[in-house]
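Please consider the model shown below.

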Protein chains: 2
Amino acid sequence: MAATGNLQVLLRSRPAGIPQAGDFEIVDSALPQVCERQFLVRNEYLSVEPAMRGWVSAVANYSAPVAIGEVMRAFAAGTVVASRHPDYAEGDRVMGKFGWQLYALSDGSDVTRKVRETDLPLSLSLGVLGLNGVTAYFGLLEKGEPRPGDTVVVSTAAGAVGSAVGQIARIMGCRTVGITGGETKARLCRDDFGYDVAIDYKGETDMAAAVATACPNGVDVYFDNTSGRISDAVLTQLAPGARIVICGTASIASWDPPPLGPRVERHILVKRARMSGFLVFDYAHRYEEAVTRLANWVRAGALKYREDIADGIDHCPGAIAELYRGDNLGKKLIRLAVA
Amino acid sequence: MAATGNLQVLLRSRPAGIPQAGDFEIVDSALPQVCERQFLVRNEYLSVEPAMRGWVSAVANYSAPVAIGEVMRAFAAGTVVASRHPDYAEGDRVMGKFGWQLYALSDGSDVTRKVRETDLPLSLSLGVLGLNGVTAYFGLLEKGEPRPGDTVVVSTAAGAVGSAVGQIARIMGCRTVGITGGETKARLCRDDFGYDVAIDYKGETDMAAAVATACPNGVDVYFDNTSGRISDAVLTQLAPGARIVICGTASIASWDPPPLGPRVERHILVKRARMSGFLVFDYAHRYEEAVTRLANWVRAGALKYREDIADGIDHCPGAIAELYRGDNLGKKLIRLAVA
């Protein structure tokens, strides 16, 4: 273990909408002492994800907001470099809520899982084999209930979750339609992620017409990560018995107060549709089941992924805002140089 | 069979919102000839229901809109007075889509069911033992999935559907909260329909606070017949895993274009709630199952009902508008004098 300090990214101010670089500061802290039943993780990859906006928001959410002056909550993957815990040995690869920092002291309660896929890159445990892939897996299969021949529409189709949703739907025998922003991502959807149709919402003036053309028999499953005008358009094109999975609301800058949109009840009623909220943590007990299947699909080449990796903790503060601008192509990660 | 003509209520003009008296006209037509495999029904009760607004609307719905000049589509209950059909005998009591008219010629395709509960009034086949009761039964049990101890909130709680929903929820061991308009109906909810709490939305300035007070542990099931500001309030008070049943949208005068409201996705997501559209006709094959149970509850005094009966076909044209004004206390019916 190198005798350096611990670089940490702290929340400095509470953002009103999307967190910006100025809402964080990087500090150099003392390396923590490892006590009995604790261990130290040297992070190699830090995750950046849309949910982080919620984690720093003052509006009630799944968990208490990150406090001002606290290390920014984040998933990370690394290696155990010192341990006084019976279940964790030096050299173990782990993924968990270790925060945006170089070293994390853990008692095991913040560990999501040990990463046992030693034949695959560690970074995948934060993306296609991490919360993103597991979200896609359970969100689509449990809430979307895709059937062979169904038309499955995915918003943020080229994103870390969306690209996995589209590919899993294809593996399940569905026709897949991806909605994404920009021609580069639309091409990625078609060429890398196998969508039958990709719609560039930035290039469409009439989204409802574009969805109608792409889905002549209506939308059986809509996996939604955006809300906003994309959803408004898709909801006009539901097939009878459609399933809508609400996984994220990336297009809405602030829910306080909730923005207005066209009321959805008539679509839901007339089409006997079902709109379900999905949170991956409800499926924590089935995590390994999902990772096992996802890893096999990755090995077989049926499930492709992309990563957008920046080197150095200096990239953390601005990373959430970059994510919401949609600049990244693939799962957004920060790589920390291994000492 | 009396040798009179056939009084019929025809649709005269296509209403933009809620159908008004002037949108209909009453004509005296010739009595139809009964051909082979046909029979004639003498209607005794004509039904008035919220869905009628949809039936005359030009906006796409479950079925083709009633054409101008056509007899107004309606459920009715009556007696077979002449038959050349092997399955229907003179004296049979039937309920079906016989329209707003005195006599209906039928080939059986518009019959919902033969009314076999001879110990109970025929009018119940249009209310608590008709589409209203069956809607409450399947909507609540199949889409709402109430569990003992759940808090069930019902909008239009004193209405023909809502009052049955509240009572069935109570039979299932739930705590029931009814939302209704006016102190008279609120009292009806508490005294006749056994709601634990009744909220008069007309007397509340802060509906969300009223729902929060009535539901300290949140709303597990919301059976919605209204949409609009009542739903907006209830949706802020969902319990985790809440089920929302969209059965009707009575508070929305027109869906063309859809009105704006606070976006629901965040509530659905954070509470992992489920919003399902319900249409009773999807459960047509299980109609007798529901009526059998409902009739037993009525006989046992566990399921109470109210009827609001007007005498004479002249009451038909203005009846839908009256229903939407909420003037009626109980299932709204028109009774036709038996010849």
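The sections below take these topics in turn.

## Basis of the model

This is a predicted model, in which local features require pLDDT of at least 70 and side-chain atom pairs count only at pLDDT 80 or more, while totals for chains, interfaces and linings use all residues. Residues are numbered from 1 along each chain as its sequence is written, and chains are lettered from A and ligands numbered from 1 in the order in which they are written.

## Relation of the two chains

## The interface between chains A and B

Chain B contributes 29 residues to the contact and chain A contributes 28 residues, where contact means that the C-beta atoms of two residues, placed from the backbone, lie within 7 Å. On the side of chain B that touches chain A, two or more residues each come from strand 13 (260–262), helix 7 (265–270) and strand 14 (274–277) of chain B. Helices (H or I, at least four residues) and strands (E, at least two) are DSSP runs numbered from the N terminus. Helix 7 of chain B supplies the largest share, 5 residues. Because 97% of the interface residues of chain B are also interface residues in chain A, the copies meet through the same surface.

Strand 13 (residues 260–262) of chain A and strand 13 of chain B run antiparallel and are joined by 3 bridges; strands pair if DSSP finds at least two bridges between them. Here Pro262(A) stands opposite Leu260(B).

## Domains of chain A

Chain A is divided into domain 1 (6–127 + 306–335) and domain 2 (131–281), with bounds from an automatic or database domain assignment. The centres of the two domains, taken over C-alpha atoms, are separated by 28 Å. In the contact between them, 14 residues of domain 1 meet 15 residues of domain 2.

## Surroundings of Pro50(B)

Pro50(B) lies in the loop between strand 3 (39–47) and helix 1 (52–55) of chain B. Pro50(B) counts as buried because it has 21 C-beta neighbours inside 10 Å; the classes are buried for 20 or more other C-beta atoms within 10 Å of a residue's own, exposed for 12 or fewer, and partly exposed in between, with C-beta atoms placed from the backbone.

Not counting residues up to four places away in sequence, Pro50(B) touches Gly248(B), Ala250(B) and Leu323(B). The C-alpha atoms of Pro50(B) and Ile320(B) are 7.1 Å apart, although 270 residues separate the two along the chain.
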